[in-house]
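Visitor: I have a model open and would like to learn how to read it. Where do we begin?

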Amino acid sequence: MGDLMYRYDKYDQAIVDARVDEFRDQVSRRISGAMTEDQFKPLRLKNGLYLQLHAYMLRVAIPYGTLDSRQMRMLGAIARKYDRGYGHFTTRQNIQYNWIKLEDAPDILADLATVEMHAIQTSGESIRNISSDQFAGAAADEIADPRPWAELIRQATTFHPEFSYLPRKFKIAVTGAREDRSAIRLHDIGLKLVENGAGALGFEVYIGGGMGRTPFVAPLIRPFLPADHLISYIEAAIRVWNRWARRDNIHKQRIKILVHDLGAEEFTRQVEAEWQAILPNGSDVPRAEFDRIAAFFPPPPFETDLPAEAGPDDPGFALWLDQNVRPHKQDSYAIVTISLKPPGGIPGDASADQIDLIAGLAQTHSFDELRITHAQNIVLPHVHRRDLRKIWGALDVTGLAAPNLDLISDIIACPGLDYCSLANARSIPVAQKITQRFAPIERQRDIGELKLKISGCINACGHHHAGHIGILGVDRKGTENYQLLLGGSGAEDASLAKITGPGFDEDGIVDAVERTVERYLSLRDEGERFLDTYRRVGLQPFKEAIYG
């Protein structure tokens, strides 16, 4: 069987190994007191190590969310050996460990390096993990697999001197599908593979999206960029930002502020001019190099025989099939999403045992391939339909078979004040209370697609701006207070949610969500999702329901 993901060559391995050795030396100097925390901080951040409320947190990169069973098992082993037996999968398709001892960090990085993984550029003012569609290479609505392009960007931007001291962190997402599962318009740069009238492959380029303190939906900067010029165009955009960014004001350093201040038209003019200056220098990647990378992403050797469809014999299995299994480009196969949102659980958390189980299922039933989703779930991208019953049975035993993909209990939540030193409020207990309030799955399915997202502070790691229903935790005179937002979307119909009015305490916000949902159910037309109804009737009917 061929590889289905990028493999390190000897240069990649040497770079990562050298980085581990260098960091081991830095940690020993910090522990001995030869280096102060202020001196150490920029060094640890370059290796994905944060200092949180209770311990160090390590964020490990999972490029475009793709990994294999060997790598997945290593993530489980690290959770078991160095943490408290679990990891937290994030909205950038990475994993975080929240209970790391400083003296263990170099050993963890050394263990990761044995399976071609690292934590480089998962923090600091750098180009972060390139994210992509979790259904890449499997989705029926895909023009081309975006992952070779994501890998190309990753290689071109890792350790690039011009991108090493950026004004602020920088996030890029790539998709090749009609349906946007990667929230490309809420990234610094969002890229969508398209074909032009002549059948040539290129990208729609969106620049200047983002959440946080000042959220923006990225405008379309270029409707068609020939694919071969991708790297030079990204370089041009970042150069323009690097030139004008507000390095004097931490709240105004992201590229979205520059695009907003200049206006999309003037920003585009400057990027195009910069790009024309770069092009004669031949700064684009040779086609042979792209082909070398693309060869690591062949389609798996699919069987083409459809199994005899025996109807689902178990109501629980039927429910899961309907909710968590999606069509594959190959009729005999399906895409399975494993929910990390069990009733009353912590969104995105998985135990070491669960991680091992999922790794085993990928190895035996999905061509040894896994994906992490930006909604903090895990995907088996290529499952033969005859294996679905067996997979559901294995998941059901371990609490991983919640049939709630895209329903109200499939909540995105940041770690919040339980872990994060930036947070103003806790996210996890609110998520748990909401899932308990809406526990009956029949009720959730009647409500239909409803994306609920919770952030514990204005930095918006829980993507509350993009929630059909968003919740933002704020500090109100020393107490935790929760604002309710409605009408956001991170999909191809991207929009930003609006605050409904005054905030609530922890129990009050759960009640407010319920009143919002009940008002939707009374207003909806046939076939309308929550978001459709909200867009049709506006905020006012919901405000009346929420505040009386």
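Guide: We will go through helices, cores, backbone angles, contacts and cavities in turn. Keep in mind that this is a predicted model.

Visitor: Start with a helix. Which residues of helix α2 are buried?

Guide: First the general idea. An α-helix has 3.6 residues a turn, so residues three or four places apart point the same way. Now the case here. Helix α2 spans residues 37-45, and its buried residues are Phe 40, Arg 44 and Leu 45. Viewed down the axis of α2, these buried residues fall within an arc of 125 degrees, so they line one face of the helix.

Visitor: What do the buried residues of α2 pack against?

Guide: Three elements: α1 (10-32), β1 (49-51) and β2 (56-60).

Visitor: Next, cores. How many residues does the largest nonpolar core have?

Guide: It has 58 residues. Those with the most contacts inside it are Met 72, Leu 75, Phe 89, Leu 112, Trp 320, Ile 378 and Leu 380. There is also a second, separate core of 44 residues. Phe 163, Ala 236, Phe 290 and Phe 296 are included in that second core.

Visitor: Take Trp 320 from that list. Is Trp 320 buried or exposed?

Guide: Under 20% relative accessible area counts as buried. Trp 320 has 0%, so it is buried. Its place is in helix α10, residues 315-324.

Visitor: Which residues does Trp 320 touch, leaving out those up to four places away in sequence?

Guide: Among them are Val 325, Val 336 and Thr 337. Leu 388, Ile 391, Trp 392 and Leu 395 also touch Trp 320. So do Ala 401, Ala 402 and Pro 403. For a separation, take Asp 410. Trp 320 and Asp 410 are 90 residues apart in sequence, and their C-alpha atoms are 13 Å apart in space.

Visitor: Show me another tryptophan. Where does Trp 241 lie?

Guide: Trp 241 lies in helix α6, residues 230-244. Its relative accessibility is 0%, so Trp 241 counts as buried. Beyond its neighbours up to four places away in sequence, Trp 241 touches residues including Leu 166, Pro 167, Arg 168, Lys 169 and Phe 170. Gln 253, Arg 254, Ile 255 and Leu 258 touch Trp 241 too. Compare sequence and space again. Trp 241 and Thr 304 are 63 residues apart along the chain, with 49 Å between their C-alpha atoms.

Visitor: Arg 168 came up there. Is Arg 168 buried or exposed?

Guide: At 19% relative accessibility, Arg 168 counts as buried. The cut-off is under 20%. Arg 168 sits in the loop between α5 and β7 (172-175).

Visitor: What does the side chain of Arg 168 make a polar contact with?

Guide: With the side chain of Glu 125, at 3.2 Å. The residues that Arg 168 touches, not counting those up to four places away in sequence, include Glu 125, Ser 126 and Trp 241.

Visitor: And which side chain does Asp 406 join in a polar contact?

Guide: That of Arg 326, at 3.4 Å. Asp 406 is placed in the loop between α12 (388-397) and β16 (412-413). Beyond residues up to four places away in sequence, Asp 406 touches Arg 326, Gly 448, Glu 449, Leu 450 and Lys 451.

Visitor: What about an exposed residue? Where is Lys 390 found?

Guide: Lys 390 is found in helix α12. Exposed means over 50% relative accessible area. Lys 390 has 56%, so it is exposed.

Visitor: Now backbone angles. What phi does Tyr 64 have?

Guide: The general idea: most residues other than glycine have a negative phi. Tyr 64 is not a glycine, yet its phi is positive, about 40 degrees. Tyr 64 lies in the loop between β2 and β3. It is buried, with a relative accessible area of 3%. Gln 93 has a positive phi as well, about 65 degrees. Gln 93 lies in the loop between β4 (86-89) and β5 (95-100). Its relative accessible area is 0%, so Gln 93 is buried.

Visitor: Last, cavities. How many cavities of 30 Å³ or more are there?

Guide: The count is six.

Definitions and conventions. Residues numbered from 1 in each chain as written. Predicted model: local features only at pLDDT ≥ 70, side-chain atom pairs only at ≥ 80, totals over all residues. Heavy atoms only, no water. Buried < 20%, exposed > 50% of the residue type's maximum accessible area, 1.4 Å probe, protein only. Helix = DSSP H or I, 4+ residues; strand = E, 2+ residues; numbered from the N terminus. Arc of directions from axis to C-beta. Contact = heavy atoms within 4.5 Å. Polar contact = N/O pair within 3.5 Å; in protein donor to acceptor, adjacent residues only side chain to side chain. Core = buried A, V, L, I, M, F, W, Y, C linked by side-chain atoms within 4.5 Å. 1 Å grid on protein atoms, 1.4 Å probe; cavity = no way out; pocket = protein on both sides within 12 Å on 5 of 7 lines; lining within 4 Å. Points joined across faces, edges and corners; volume = space filled by probe spheres on them.
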